Amino acid sequence: MLSAQPAQTLTSELHRIINATHHDPFEVLGRHPLAAATSDADTLVRLFIPGARDVNVLLQNGTSPLERIEGTDFFEWYGLAKNLPAHYQIRWTDRHNQVRVEYDPYSFAPQLGELDMHLFGEGQHWGIYNVLGAHPKTIDGVAGVLFATWAPSAERVSIVGDFNDWDGRHHPMRVRGASGLWEVFIPGVKPGTNYKYEIRNRDTHQTFLKSDPYGQAFEQRPKTSSIVAAPSQFAWDDHGWMDKRASWDWQKSPISIYEVHLGSWRRGEGNSFLSYRDLAHQLADYVKYMGFTHVEVLPITEHPLDDSWGYQTTGYYAPTSRFGSPDDFRYFVNHLHQQGIGILLDWVPAHFPKDAHALARFDGSALYEHEDPRLGEHRDWGTLIYNYSRNEVRNFLLANALYWLKEFHVDGLRVDAVASMLHLDYSRNHGEWIPNIYGGNENLEAMAFLSQLNVLCHGQCPGAIVVAEESTAWPQVTRPTYVGGLGFSMKWNMGWMHDTLDYMSKDPIYRQYHHNQLTFGMMYAFTENFQLPFSHDEVVHGKGSMIGKMPGDDWQKFANLRLLYTYLYTYPGSKLLFMGSEFGQWSEWAHARSLDWHLLDEGSSGGEQNRHVGLQTLVKDLNKLYTSLPSLYERSFQYDGFEWVDCHDSTQSVISYLRKSSSGFTLVVLNFTPALRENYRLGVPVAGTYHEIFNSDSAYYAGTNKGNASEIPTEQISWMGHAQSIQLTLPPLGAILLKCDY
């Protein structure tokens with residue numbers, strides 16, 4: 001209850017409003033009953049409007065001026081509550097002589113529910129993105145935007161934007177008890193409005209501007225404001241895909257992923273970005289033509305620096321505005337689904353950048369990160385590490401994963417830099433890290449976070465897959481959490497990738513001395529559910545393009561790469577290939593320009609077929625084979641889906657193996673030297689007639705067209721432990737696949 005007399009002497013509470021240090025402006029501003037009511041006045045309305053010249057309140061039956069407290073921007077009205085609407089409007093003239101009419105934000109009750117705040121404090125509010133951030137709402141018939149954020153070390157938080165001259169004195173928020181949550185409903189603010197939080201730290205009293213951690217739209221770089229996102233108007237038309245995905249047995253299905261950076265796959269006129277909608281059609285047409293089952297896009301969460309490729313995210317809940325709006329990205333996903341193509345997002349919960357406008361020291365304290373740099377900083381990357389032990393931080397990330405799976409219908413996440421999350425001593429010297437409570441280097445909080453992530457994603461979004469980029473020997477990454485695993489669907493097979501690329505980079509004459517690099521991978525191939533990645537990381541930073549890694553002249557380079565890709569598609573595990581690698585782009589990937597598509601249009605030289613077209617055709621045919629032959633995918637994660645025929649022929653650098661399914665097998669033979677090997681005898685498990693169904697040296701792929709007759713009968717000659725064998729011609733730097741009629 002307040003006094004019935006105008007406050008001519010400013011109280012400490014009023015001074016705190018003037019100085020923008022008050023934690024709960026609703027205690028001072030808005031409507032208040034008077035302690036000593038009279039027949040003329042039982043209610044006080046107090047406003048603080050910096051720069052206002054005059055202010056009137058709109059009553060039930062007219063208007064009434066508010067009296068300025070002398071020397072301040074406070075305005076007060078004393079009157080009867082019955083004359084005052086529940087949510088009254090004020091009409092005021094600003095410093096530019098513009099007349100404004102708006103509802104008083106401080107006439108509205110708190111909007112955050114007790115259950116919402118409790119679940120967030122527990123770290124278990126999976127729809128928190130519908131609560132925190134900026135959300136258009138209509139409250140008691142009044143339209144506006146509810147703003148809410150988490151800043152427990154703040155003394156005061158305000159909303160600033162175009163609607164209040166970016167002046168933090170205009171719209172201070174209220175804190176909700178000890179939750180650290182701040183909120184205010186501002187009537188009249190509309191979608192499309194730019195805004196930030198102005199935060200004053202309670203200890204240092206420093207004030208700074210921050211974009212919204214839960215913001216769902218942002219300005220294009222280099223600008224950094226959050227934008228009030230309109231509620232989605234997109235009408236999804238992928239119900240068939242989503243229903244099918246829910247019962248999808250991915251472990252027994254072909255998964256061939258085309259990894260894409262949307263900003264450089266193709267460019268428009270003047271090297272401009274294509275829109276999500278343009279990319280949807282062009283990319284879907286190409287991926288469908290090539291036969292890939294999925295695309296994986298490098299991070300499209302909002303990020304300020306193009307050079308980071310999206311891996312230094314500042315807007316976790318917003319598709320980057322470089323290519324369009326959130327609904328445009330929904331269109332992108334929907335169209336891919338309509339074309340029978342799945343989509344995975346590269347997702348980065350391991351670290352975040354130090355940009356002053358974003359998460360770093362959000363409320364002036366180490367809020368999302370650790371205070372101690374031995375726990376909270378990646379010095380190699382110049383980024384900060386999330387504090388997974390904090391409930392609200394885990395909730396921010398876990399809800400974000402579900403946000404992309406649910407709100408945007410993406411089919412899975414590829415989790416970046418998992419190794420750095422799991423190891424406290426990752427890329428650190430002695431004395432630069434802190435052991436866990438047991439004295440070890442395992443990050444126990446990150447382990448718990450990742451396990452919970454996988455339980456949630458698989459439980460709430462059936463059929464979604466979560467893939468770990470994990471480069472160490474950490475055990476049970478892809479085993480269920482109930483047996484002590486981390487619960488990922490798949491893990492990148494970095495060991496196989498590095499060994500294979502190192503082997504392929506060697507001159508074939510020396511490969512016989514490194515044969516173990518081809519065979520060792522089978523020692524651990526089924527300890528995890530592996531994905532075989534030839535990713536963007538292998539074609540940047542001086543590593544050379546995929547074709548550039550291959551030894552020899554141009555003919556040998558392309559033959560080697562055709563051989564390598566055949567090895568990729570026939571080896572156990574799902575597949576991933578980075579854009580441009582499918583047609584043998586000579587240059588390393590460059591994020592600021594389009595792929596070298598012109599290579600596919602160049603004419604043949606010396607009567608030879610365009611080798612880039614040949615390589616592209618090979619990848620297309622490998623996808624077709626892979627998705628049509630159950631033996632190549634049905635048991636990709638089971639030891640009984642693979643059997644060596646011969647892994648010992650190091651002298652000739654030849655390996656051969658069977659890929660098996662419930663319906664039969666495919667025989668794979670690979671010759672890693674440029675020597676044509678005729679009359680090469682191979683033991684086979686079944687008698688009958690074998691047919692060559694694929695040859696990487698085919699003229700269709702710009703090869704030398706060395707191969708085998710249409711029918712290859714078995715002979716009753718024991719070989720390699722089998723009662724029968726066949727004689728083959730092995731093409732130079734070539735691979736063949738054979739099926740048997742029996």
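This is a predicted model: local features need pLDDT of at least 70, side-chain atom pairs count only at pLDDT 80 or more; totals for chains, interfaces and linings use all residues.
Residues are numbered from 1 along each chain as its sequence is written, and side-chain values use heavy atoms, with hydrogens and water left out.

Serine 574 sits in strand β29 (residues 574-578); here strands (E, at least two residues) and helices (H or I, at least four) are DSSP runs, numbered from the N terminus. Not counting residues up to four places away in sequence, serine 574 touches Ile255, Met490, Phe530, Gln531, Leu532, Tyr626 and Phe637, a contact being heavy atoms within 4.5 Å.

Tyrosine 524 turns up in the loop between α11 (516-519) and β28 (530-534). With 18% relative accessibility, tyrosine 524 counts as buried too. Setting aside neighbours within four places in sequence, the contacts of tyrosine 524 are Asn493, Gly495, Trp496 and Phe530.

Next comes the nonpolar core, meaning a set of buried Ala, Val, Leu, Ile, Met, Phe, Trp, Tyr and Cys residues joined through side-chain atoms within 4.5 Å. The largest one has 183 residues, and Phe147, Tyr258, Phe329, Phe332, Tyr368 and Tyr565 have the most contacts inside it. Helix α7 (residues 391-407) gives the most to this core, 10 residues in total. Another core lies apart from it, with 17 residues that include Leu667, Tyr680, Leu682 and Ile712. As for tyrosine 565, its contacts beyond four places in sequence are Phe534, Met546, Leu577, Ser581, Glu582, Leu615, Leu618, Val619 and Leu622.

Helix α13 (residues 554-570) is mostly covered, with 15 of its 17 residues buried. Its end C-alpha atoms are 24 Å apart, which agrees with the 24 Å that 17 residues should span at 1.5 Å a residue; the expected span is 1.5 Å times one less than the number of residues. At the start of α13, a side-chain oxygen of aspartate 553 comes to within 3.2 Å of the backbone nitrogen of tryptophan 555.

Then there is an open sheet of six strands, ordered β30-β31-β32-β37-β34-β35, with antiparallel pairing; two strands pair if DSSP finds at least two bridges between them. Its edge strands, β30 (642-646) and β35 (712-713), each pair on one side only. Within the sheet, β34 (residues 689-695) and β37 (residues 734-741) pair in the antiparallel sense over six bridges, and tyrosine 690 stands opposite cysteine 740 in β37. Helix α14 (residues 611-628) packs on the sheet, touching β34 and β37, and its direction makes about 135° with that of β34. Such angles run from 0 to 180 degrees between N-to-C directions, with axes fitted to C-alpha atoms, for helices over the stretch in contact. α13 lies across β31 (654-661), β32 (664-671), β34 and β37, at about 40° to β37.

Elsewhere, β14 (residues 194-201) and β15 run antiparallel, joined by four bridges. Arginine 200 stands opposite threonine 207 in β15. Five residues separate the strands of this hairpin, where histidine 205 takes a positive phi near 65°.

Terms used. Buried means under 20% relative accessible area, exposed over 50%, partly exposed in between (1.4 Å probe, protein chains only). A polar contact is a pair of N or O atoms within 3.5 Å; within protein, one must be able to donate a hydrogen and the other to accept it, and residues adjacent in sequence count only if both atoms are side-chain atoms.
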